[in-house]
Amino acid sequence: MKKIFIICMAIFFCAGVASADPVEQGLPETADEKVINSTRQMVNQGFNTENVIDMTRQMLANNFKQQQILQAHAILMNARQQGLQTESIMNKAQEGLAKQVQARAVVHAMEQVRSRQAFASKQAKAITNDKAKINQMATILAGSMAAGMNHEDAERIMQALHERTRNMTRAHAEDLAMQTLMTTRMIARLGIQSQSVGDSVCRALQQGYSVQEMNRMRNTIMANARGQNSDFGQHGGQSAMGGMGDHGGDSGDGMGGGSGGGGDGMGGGHM
Amino acid sequence: MKRNLVFLIISMLVFSGCASHYYQKNNDTVSIFLKKPDAKRVYFLSSLDGYKPRKAARINSKTWQINTPAKTEFRYFYNVDGAVYLPACRLKEQDDFGSQICIYIPEL
């Protein structure tokens, strides 16, 4: 009888452990019901459980208000529902938390990333209706915008692409679009001003650059960048670049941004 | 001629500067060096692992080193003695927090 009782207790215990909610287990006790439910909802929508719990736990540890956490969750869930890539939005949250930026700035930045993705996705749909390629192009175009391309110049490039690929097969159009966007992003990341990037890429398209030529242009730029002095620093020779400008001088000093940081090591409160 | 001009304009990007920050690629790993002689503690944070801080190793009186996988592109910054620090890196983008973040791409 005693044996049966012990066995029954063991079975109930194991069943209890097996059915434990990872969300409730993963979040601290300070998490209220709404945050727990929202986190659970994200997991049910297909977000990686560990990433979501980790992000939420960090937000709680950084004194995000309930409303701010729910907003962050909503941004991610809306993005998923819109068919957008969510990885870059999640990364932005993680970056903000690591930089110990104010909660509202983190939420705002997540929305900025989502907004760029949405804009870029809409632009990509003008070139292709292949979902995977739309996501790929959108990510690359959104990356250009994160590097400084504005909406206007991004639209200009997409318009030029649209005209250039009007009479191409879909596969050819997609290839050229991909190469063009990758080249655009590369140039933008090097610090060239948005208008100059737009002008150069549009000019290249208007002159009939092929897939290979666009690819070669990007490789040449990368080779030049590699072949420079291995040190980084100020962009020089601006006067020799004609209409192309770049971002302001880069100081090597701490750029602080919105972070606080203080005290020893990684400690310090947030603002 | 026009095509060469487009090439030339875009290619005229000069990356001279001080030797404060540089990479050395070794197969699938990249060693990233930062010259910060006055720093006491340097941490490297990247999108490869959700920006978890990784302690950089001091290799001489001026230079700190971190080794990281180099197969895919990633974003990164440093924390130097408790403050966010952005080195003079070649590729960067706005971080949406009023500052910027460095980008590493394997092809470069």
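The structure is a predicted model, in which local features need pLDDT of at least 70 and side-chain atom pairs count only at pLDDT 80 or more, while totals for chains, interfaces and linings use all residues. Residues are numbered from 1 along each chain as its sequence is written, and chains are lettered from A and ligands numbered from 1 in the order in which they are written. Helices (H or I, at least four residues) and strands (E, at least two) are DSSP runs, numbered from the N terminus.

**Helix packing in chain A**

- Two packed helices are described by the angle between their axes and the distance between the axes; here axes are lines fitted to C-alpha atoms, for helices over the stretch in contact, and angles run from 0 to 180 degrees between N-to-C directions.
- Helix H3 (residues 33–45) of chain A and helix H4 (residues 49–61) of chain A have axes that come within 9 Å and cross at roughly 155°. H3(A) and H4(A) are therefore roughly antiparallel to each other, a label given to angles over 145 degrees, whereas those under 35 count as roughly parallel, 65 to 115 as roughly perpendicular and the rest as oblique.
- The crossing of H3(A) with H4(A) is right-handed, a crossing being right-handed if the near helix is turned clockwise from the far one by less than a right angle, and left-handed if anticlockwise.
- In this contact (C-beta atoms, placed from the backbone, within 7 Å), A:Val35, A:Thr39, A:Met42 and A:Val43 of H3(A) meet A:Thr49, A:Val52, A:Ile53 and A:Thr56 of H4(A). The contact of H3(A) with H4(A) has five nonpolar, three polar and no charged residues, where Ala, Val, Leu, Ile, Met, Phe, Trp, Tyr, Cys and Pro count as nonpolar, Asp, Glu, Lys and Arg as charged, and the others, Gly among them, as polar.
- Helix H6 (residues 87–98) of chain A packs with helix H7 (residues 103–124) of chain A at an angle of about 155°, their axes lying 9 Å apart, and that makes H6(A) roughly antiparallel to H7(A).
- H6(A) and H7(A) also make a right-handed crossing. On the H6(A) side the contact includes A:Ser88, A:Ile89 and A:Lys92, and on the H7(A) side A:Ala105, A:Val106 and A:Arg114 are among the residues met; by class, the contact of H6(A) with H7(A) has eight nonpolar, three polar and two charged residues.

**Chain B as a whole**

- Chain B contains one helix and 10 strands, and, from the N terminus on, its elements run α-β-β-β-β-β-β-β-β-β-β.
- Of the 108 residues in chain B, 39% are buried, a residue being buried if 20 or more other C-beta atoms lie within 10 Å of its own, exposed if 12 or fewer, and partly exposed in between, with C-beta atoms placed from the backbone.
- Among contacts in chain B between residues at least 6 apart in sequence, 54% join residues at least 24 apart.

**The open sheet of chain B**

- Four strands of chain B form an open sheet in the order E1-E2-E6-E5, with antiparallel pairing; two strands pair if DSSP finds at least two bridges between them. E1 and E5 of chain B stand at the edges, each with a single partner strand, so one side of each is left without a neighbour in the sheet.
- Strand E1 (residues 21–26) of chain B pairs with strand E2 (residues 29–35) of chain B over six bridges in the antiparallel sense, and B:Tyr23 stands opposite B:Ile32 in E2(B). These two strands form a hairpin with two residues between them, where B:Asn27 in the turn has a positive phi of about 55°.
- E2(B) is joined by seven bridges to strand E6 (residues 63–69) of chain B, and B:Phe33 has B:Gln65 in E6(B) as its bridge partner. B:Gln65 is also the bridge partner of B:Ala57, and E5(B) pairs with E6(B) over two bridges.
- B:Asn60 lies in the loop between strand E5 (57–58) and E6 of chain B, and this residue is exposed, with 9 other C-beta atoms within 10 Å.

**Strand E10 of chain B and its partners**

- Strand E10 (residues 100–104) of chain B is mostly covered, five of its five residues being buried. B:Gln100, B:Cys102 and B:Tyr104 point one way from E10(B), and B:Ile101 and B:Ile103 the other way.
- Three bridges join strand E7 (residues 74–80) of chain B to E10(B) in an antiparallel run, with B:Phe74 opposite B:Tyr104.
- Strand E9 (residues 92–94) of chain B is likewise joined to E10(B) by three bridges and runs antiparallel to it, with B:Glu93 opposite B:Ile101. The hairpin of E9(B) and E10(B) has five residues between the strands, and B:Asp96 there takes a positive phi near 65°.

Note on methods:
Two residues are in contact if their C-beta atoms, placed from the backbone, lie within 7 Å.
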